[in-house]
Amino acid sequence: MAFRVNSVKTSFFGKGAVSLLIPELKKMGVSRALIVTDPFLYQSGAADYVGEALSKAGLAYAVYHQVQPNPTVTVVNECITAAKLLQIDLLVAVGGGSAIDTAKAASIVTANGGRVEDYEGVNRSAKPGIPIVAVNTTAGTGSECTSFYIVTDPVRHSKMAMVDPNCMVTVAVNDIELMMSMPPKLTASTGLDALTHAIEALLAKGANPMTDRDALWAMETIWEYLPRAVRNGRDEEARTRMAYAEYAAGMAFSNAGLGMVHAMAHALGGHSNLPHGVCNAVLLPYVIDFNAQHSAEARERMPRISAALSLPDGRPYTLVQALRRTAAEMGIPGTLKEMGGVSREDFGDLAGLALKDACMADNLYTPSADEVISVYENAWTGK
Ligand SMILES: [Fe+2]
């Protein structure tokens, strides 16, 4: 078995880890940065917290603070324009997946030319993007350590999934100081996104012993510490463990791939602008149930997930029920109907989008359009 593992060159972890950037930035030989963040983090002072480290390292910087959840081509293009006008040589993403993915897209297009849309798919760029420092504020998307990024095309109402090692950040920072103020709902949805990464990575076609190790450890850790982080955001140990686990889950899926949960969640997010973590958390049990019925290989791997979650047996049914119960305890809707923002009439279009998504190719079983619709239906009715 031969396989490739991509990883970020340098990653910093722990409370106050942003300060470790100062000597690192001095070594990088960069002088002009653009901080890429969202309006909330800009106003909350998170961008200033990182900006202070940039100043101490001798960098001049400007701030682009218009990133939105499910960032669109328009947002990325604004960021590219700012980067070119200001002649920056470093992008500094401050935020969760939306800010980091915006920076990745801007980095690739700035270095390679063309349009964002040109890079949809797998390995589409010729050369690495301009350097990125990713200061992650959620736990989370794992975007700070993955070779994936997602941009919404507002014309086609779809999410474009880009898989490309050239987009990987140069330095990743997981400073829990920036994660402590996440509200319980965001902690839950981003944490369950990370759990979905770990589970899908273990069930992906590209799984290997290295990614299995990261995925299983991430599942075990998230299962233990996410409920604590949701209950008490100031629980430093829970926040710290979650930061490690979401990174490990990111490493796992970046190198193994994802699957049908993400393909279906991307379709929902792009079509109806729904939050990524919640879409995954709602869909996960229904897709596990579907994959258990249709793929012998998936069924064979599932007891390893159940063991990592300390479930009493390895049956897919027990796993599905445990996932549903845990999500409900964290305030996640049990069905798409309860979640809202989407209607049953959209399922045909959504299935078409999900089948085209790059993550679907990683699923052990390739479903038909009718089968994808049936999973959306189950997730609607709670069957
Ligand atoms: Fe995700």
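**Close-up 1. Ser-11 in the predicted model.** The model is a predicted one. Ser-11 sits in strand β1, residues 10-13. Leaving aside neighbours within four places in sequence, Ser-11 is in contact with Cys-145 and Ala-172. Tyr-247 is 236 residues away from Ser-11 in sequence, yet the two C-alpha atoms are 9.8 Å apart in space.

**Close-up 2. The six-stranded sheet that holds β1.** Six strands form this open sheet, and their pairing is parallel. The order is β1-β9-β6-β4-β2-β3. Strand β1 is one edge, and β3 (60-64) is the other. Each edge strand pairs on one side only. From one strand to the next, the twist averages 15°.

**Close-up 3. The pairing of β6 with β9.** Strand β6 covers residues 132-136, and strand β9 covers residues 171-174. The two run parallel and are joined by four bridges. Val-133 has Val-171 of β9 as its bridge partner.

Close-up 4. Helix α4, residues 73-85, lies across β2, β3 and β4. Relative to β2, α4 runs at about 165°.

**Close-up 5. The three-stranded sheet.** Three strands make an open sheet in the order β5-β8-β7. Here the pairing is mixed. The edges are β5 and β7, each of which pairs on one side only. Strands β5 and β8 pair in the parallel sense over two bridges. Val-122 has Val-163 of β8 as its bridge partner. Strands β7 and β8 pair in the antiparallel sense over six bridges. Helix α9, residues 260-272, packs on this sheet and touches β7 and β8. The direction of α9 makes about 130° with that of β8.

**Close-up 6. The hairpin of β7 and β8.** Strand β7 is largely enclosed by the rest of the structure, because five of its six residues are buried. Asp-153 has Ser-158 of β8 as its bridge partner. Four residues lie between the strands of the hairpin. His-157 is in this loop, between β7 (148-153) and β8 (158-163). His-157 is not a glycine, yet has a positive phi of about 50°. Is His-157 buried, exposed or partly exposed? His-157 counts as partly exposed, because it has 15 C-beta neighbours inside 10 Å.

**Close-up 7. Where domain 1 meets domain 2.** The chain is divided into domain 1 (10-178) and domain 2 (187-381). The C-alpha centres of the two domains lie 25 Å apart. On the domain 1 side, 27 residues are in contact with 29 residues of domain 2. Strands β5 (121-122), β7 and β8 each supply at least two residues of the domain 1 side. The largest share, four residues, comes from β8. What is the make-up of the side of domain 1 that touches domain 2? Its residues divide into ten nonpolar, 15 polar and two charged.

**Close-up 8. Helix α10 packed on helix α12.** Two packed helices are described by the angle between their axes and the distance between the axes. Helix α10 covers residues 276-294, and helix α12 covers residues 316-329. They pack at an angle of about 175°, with their axes 9 Å apart. The two helices are therefore roughly antiparallel to each other, since an angle over 145 degrees counts as such. From α10, the contact is made by Ala-281, Leu-284, Pro-285, Ile-288, Asp-289 and Ala-292. From α12 come Pro-316, Leu-319, Val-320, Leu-323, Arg-324 and Ala-327. The residues of this contact divide into ten nonpolar, no polar and two charged.

Close-up 9. Ser-310 lies in the loop between α11 (296-308) and α12. Ser-310 is not a glycine, yet has a positive phi of about 55°. Ser-310 counts as exposed, because it has 10 C-beta neighbours inside 10 Å.

Conventions:
Residues numbered from 1 in each chain as written. Predicted model: local features only at pLDDT ≥ 70, side-chain atom pairs only at ≥ 80, totals over all residues. Axes fitted to C-alpha atoms, helices over the stretch in contact; angles between N-to-C directions. Parallel < 35°, antiparallel > 145°, perpendicular 65-115°, else oblique. Contact = placed C-beta atoms within 7 Å. Nonpolar A, V, L, I, M, F, W, Y, C, P; charged D, E, K, R; others polar. Buried ≥ 20, exposed ≤ 12 C-beta atoms within 10 Å, placed from the backbone. Domains from an automatic or database assignment. Pairing = 2+ DSSP bridges.
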